[in-house]
Structure formats: C-alpha cells, structure tokens
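The sequence and the model are shown first, and the description follows.

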Amino acid sequence: MQWRALVLGLVLLRLGLHAVLWLVFGLGPSMGFYQRFPLSFGFQRLRDPDGSGPVGPPGGPAWLHQPRRGTEGRLETPPEPRPASGPGVCGPAHWGYALGGGACGRDEYERRYSGAFPPQLRAQMRDLARGMFVFGYDNYMAHAFPQDELNPIYCRGRGPDRGDPSNLNINDVLGNYSLTLVDALDTLAIMGNSSEFQKAVKLVINTVSFDKDSTVQVFEATIRVLGSLLSAHRIITDSKQPFGDMTIEDYDNELLYMAHDLAVRLLPAFENTKTGIPYPRVNLKTGVPPDSNNETCTAGAGSLLVEFGILSRLLGDSTFEWVARRAVKALWNLRSNDTGLLGNVVNIQTGHWVGKQSGLGAGLDSFYEYLLKSYILFGEKEDLEMFNAAYQSIQSYLRRGREACNEGEGDPPLYVNVNMFSGQLMNTWIDSLQAFFPGLQVLIGDVEDAICLHAFYYAIWKRYGALPERYNWQLQAPDVLFYPLRPELVESTYLLYQATKNPFYLHVGMDILQSLEKYTKVKCGYATLHHVIDKSKEDRMESFFLSETCKYLYLLFDEENPVHKSGTRYMFTTEGHIISVDKRLRELPWKEFFSEDGERDQEEKFVHRPKSQELRVINSSSNCNRVPDERRYSLPLKSIYMRQIDQMVGLI
C-alpha cells in the first residue's frame, strides 16, 4: 500500500507542476506577472511583428555574442532581425521596452517629464539638496568629528579598524585624519556658506595631522584628502572670490603645506617597484608595510596624475607629477597589442596582468577619466593621445549593440566586461561605478551615446530607488545588492543637463533626491543601503556622499551658481573636488629652476628631479585664456533625442 501512495503522490505533484506552468506561461488566466516584474529584458521571449518567432539570435541578446571584425577592421555585432514596431508598440531596440516592458503609451511620461521644470520647483529641489548636505554635515560635526566618518544610525564616529588590519574596506579609506570634514570643504564653498567654510578650514589647519600610524590606500588618500586640500587652497587664494568671501585671515598657504606633507608621505609607494607602478598602500609614518601586496588595480595606480600634477605645478616641484606620470605610462605600455585594452589588476614588480578583465567600472574607471582630465588641466598632448586611443578601443571591444543609439536595428548599446587580450565577454554584469561614463562622454562631446547609456542606469535606479553595486543584465537582477550613496549617476545627470539644458534631467535629479530622502535618511544622517530591494541599511555614511552626491545634486538645481555664471572654467576631480582650469596649470614652472641633475626625457621635455622638497608657491589666480567651445555644451536636445528618451524611460 505504501508504494501505491507514493505513486499517487508523484502523479499529483506532476499535475500540480503542470498547472503552475499552465498559469504562468499564459495558458490560463493571467497572473499579472508583467505588472509585478516591470524590469524585464526578456530578449529571448520577444516576438516578431507577426508573432511567429523570437526576435534576435538564439541564445539571447547580441551582447552575449562575440563581436566580429568588419572589412575595415571595425568590430561589428551580428545583424539582427527587424524588431517589432508600429503604433503603440515599443520594440526591443529601445530601453523603454527592455527595461520597462509593456506597451509604448506616452501619456504618463509626457505629463511627468516633457514639460518645463518650474523655477519654484527647482528652487525647492536646490534647497532640499542643500538641506541634505547640512543634515549630514551637522550630524558628523556633532557626533563624529574628529573621527573620519559618521555612523548615522547610532550617531557615532568611526575611525580605522585597529583591531583588524585586514579590514581593508575601512582601513583603506579611514586614516584618522577627520576625513569627512576634509572631503567636504569645497562643498561648503560651492553652497556659499563662507562662515562654515572658514571655520572648517581653521579646524583642519589646527587639528588635522598626517603624522599617524595609519596604513591607507594611496588612491583614496590622494583623491579624498590631497585633492580636497588643493581645491580649498585655490578657493581661498582666488583673487576673484566667486563663491563669496572665502578668504582666511592671515592665511599662509597652510592647506598647501598640508597637501605637500601628505604627498611626501605617499611617495614611498613609488619606490622599489620594478615597473614604476606604485604600491597600493603606505603607512603614513613608516612607509610601505613589509608585507605589502604587490598587486594593484589600474585605476588605483593610474589615477593620481591630476592631484599630484596640480601640487607639482603649484610648488614648482616636478617630483609628484613625475612619479604619477611614470605610473600612467607604465600601465599604458602594458596594454594589449591586439586590442589596446588594459586589465584591472597588475603585479607592480613583474608587470603581469593578474586581472585580465577590461571594462568601465571598478578597477579601471578613473584611469580613463584622468587621461582626459589631465589633458584639460595641463595641456599635455600625450594625455589626450592616450585617451583617444583608449576610447577607440573601448568603442571597438566593450560597446555592444547597434552602432547608433537612436536608430537602426539590434539591441540598444551597452558597455560590457571583456578579456583584455581577446575582447571576449567575461561576465554579464555591470557595476554602479560605470555610471560615471556618460558624464565623461559629455566632456568629449559624445552626447548622443551619453544620453543612451545614462538612460540605462536611470532605468535601474527607477526599479530599485538606488543603484545596486552590481547588476546582471542577463539575469535581470542585482548581483551585489548594496548601495553606499555613490554619486556617479548624479554626476552624469548633472553634466548631461549642463550639456543639453533639457528639463528631463532635472526630473531625474528630483527622482534621485526623493529616493535618497525616502530610503536612506536616518536619525543622524544618510545610511548605506545594505539591500536595494528590502531597503535594509548599514550604519555608514561615506565621505563622498557630502563631497560628491550632495554637491552634484545641488549644482544640478542651482542654475545661478558661480560655477555656471562666474566666467571661470571649472573641472571636477574624480572625488568631485572643484578645480579652476587655470593658465598657470598649463605651464612647467620647474623649468625656471632647472638644476645640475636635471635631464631631458625622450620627448625633449625638461624633467626636474630636485635634491630637496623645498616649497615654492606659485601664484595660481589667473584664468585660462583657452576655453572650450560653448556651443557644443549649450545646444538643446534634438527632437530625435527626446523621442529616444520617451522610448527608453517612458514606461519605467
């Protein structure tokens, strides 16, 4: 009898499974799954206009297929069958279909996005962004200073994890030097708060020291601390004072001296490496730890040139720019001969690529960013040449989908992670750091592609109210679920608005601002989202939330800000610190101090290797006479851009 009961149970189980499949896949009454799961790529389920078969190649979207080389060496994706089209149909070639699902009705989108953004609403959003910064900053000062970070849930300070030196997530960033206060200095100035800026600068001068037994990551200390000190110094010494009176009584270049002190403590990272690529970490007292790792990421080693270069040119001491530029060139010379791509992790002694993944996210992002921004600041042609070559390789091997963002057949464009040597797809996820790339594309005038890629990240934000650290575009789900208040999407939104003046991006900024208020605000600040779906939180507010996220949101809505109206050309570092594009930064002041041990490099440029670390302050208040063509960045969007945005985001 037992075996009969077992057989009967199996039969009933099989019938139950059939019933479930019958209901789910449309053989019975609708269960409303499309309403419950609106973010669906669904490439394998798309049908031709006549409903006869799936659109696209078998096995998924074209992103999963190796690009092929065309007749002129250009990589191409396999041709796609014609997508569905027609009235009320949103074809698979658009993010509106891929990320939104459903039909293409535009009424709801038009009501929300197509109209102008009223001045009163813009002022309200500007004040909300300022209030967000003030709430986080005031709570840091009340509950955490002089420690590095604020724990906003329990209203406490956080410093290095002395009990666990292997906790690199904390110790790489926190150096026991009041990080959040230092990182936020220029945000105070940009928001016009002169009294608090002056108070904060005096606190930094009087209380912050780098003579600490702290082992920190060279990259993080450079972009967060060194960059902020240099930015604040230039704000104080700017003769025009565009942000209001930010001068400090009896100021004697103390922030510049502090920047010099920190940079000298970071210099040991560049010593005793066979390639010239720096060690990833140094102890601020003792130098490179004896057990230091010989492996570093490309972005960490190759994104020091902006801050080190500014310091060198302000001091008239080429040492810092020289070591940073040597590292960039060393990495550049290790790129693949076949693809021109770089990997993401390299051994600093052997030059062997430990990580062969090439992409636009973590490990590589700011390397590309600083090739371009170094040229903007310093005018060195080799930086632009490297960037142009890198950008061409990115377009040839990382970009998948149809050639044009707005037209043509095939999947919408996406930048994927590939093997640096072969260009073959390595995985099917992207990370949130990649959301910086549309902003970089704006700087080079590739606005159409920037619009398209930005819409992809905004669609993910709309789904979750945040950007998961990694998103798997094949599985249509996050791979890594936390969101630490990162600024990259906000930065690209701000730059796209400056380029297009289209109010759509003000609506995007409002969405982001309201999501942050709704999901991340806690008792004493704004907290990291541990899980973007259930919105659980971690007790940490990283310093870049105040130095970048709040700053870009504020600038997005503050059209009258001196950044936009003063006539001075500004650039933001990878940590969001503002730097005026100054004629003096395009000069090599150490030529005047050419010493006996000076020499010429292979390109006949003077290279000064000073015997001492003498501090020579260069007047840096002049403005650059060479300015970019404003027309490129002020034209409104073409109508085709608006149609594409309608299709990409209209139903999300």
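## Cysteines

Cys550 counts as buried because its relative accessibility is 0%; buried means under 20% relative accessible area, exposed over 50%, and partly exposed in between, with a 1.4 Å probe and protein chains only. Cys297, at 31% relative accessibility, therefore counts as partly exposed.

One disulfide is present in the structure, the term denoting a pair of cysteine sulfur atoms within 2.5 Å. Cys155 and Cys524 form this link, with an S to S distance of 1.9 Å. The link is right-handed, with 85 degrees about the S-S bond. The two cysteines belong to distant parts of the chain, 369 residues apart: Cys155 is in the loop between β3 (149-151) and β4 (156-158), and Cys524 in the loop between β17 (521-522) and β18 (525-526). Both Cys155 and Cys524 are buried.

## Basis of the model and overall make-up

The model is predicted; local features need pLDDT of at least 70, side-chain atom pairs count only at pLDDT 80 or more, and totals for chains, interfaces and linings use all residues. Residues are numbered from 1 along each chain as its sequence is written, and side-chain values use heavy atoms, with hydrogens and water left out.

The protein chain contains 24 helices and 24 strands. Helices (H or I, at least four residues) and strands (E, at least two) are DSSP runs, numbered from the N terminus. Of the 652 residues in the protein chain, 57% are buried. Among the contacts in the chain with a separation of 6 or more, 70% are between residues 24 or more positions apart, where contact means heavy atoms within 4.5 Å.

Three strands in the order β14-β15-β16 make an open sheet with antiparallel pairing; two strands pair if DSSP finds at least two bridges between them. β14 (429-431) and β16 (477-480) are the edge strands, each pairing on one side only. On average, neighbouring strands of this sheet are turned by 35 degrees against each other, direction ignored.

β14 is joined to β15 (residues 470-472) by three bridges, and Ile430 has Tyr471 in β15 as its bridge partner. Three bridges also pair β15 with β16 in the antiparallel sense, with Ala477 in β16 as the partner of Asn472. These two strands form a hairpin with four residues between them, and Gln476 in the turn has a positive phi of about 60 degrees. Helix α18 (residues 447-464) lies across β14, β15 and β16, at about 85 degrees to β14; axes are lines fitted to C-alpha atoms, for helices over the stretch in contact, and angles run from 0 to 180 degrees between N-to-C directions.

## Backbone features in loops

Most residues other than glycine have a negative phi, and most peptide bonds are trans. Phe145 and Pro146 are joined by a cis peptide bond, with omega about 10 degrees; Pro146 is placed in the loop between α5 (119-143) and β3.

Asn272 has a positive phi, near 60 degrees, and lies in the loop between α11 (254-266) and β6 (281-283). Its relative accessibility is 67%, so Asn272 counts as exposed. Leu485 also has a positive phi, of about 70 degrees, and is found in the loop between β16 and α19 (488-500). Leu485 counts as buried because its relative accessibility is 0%.
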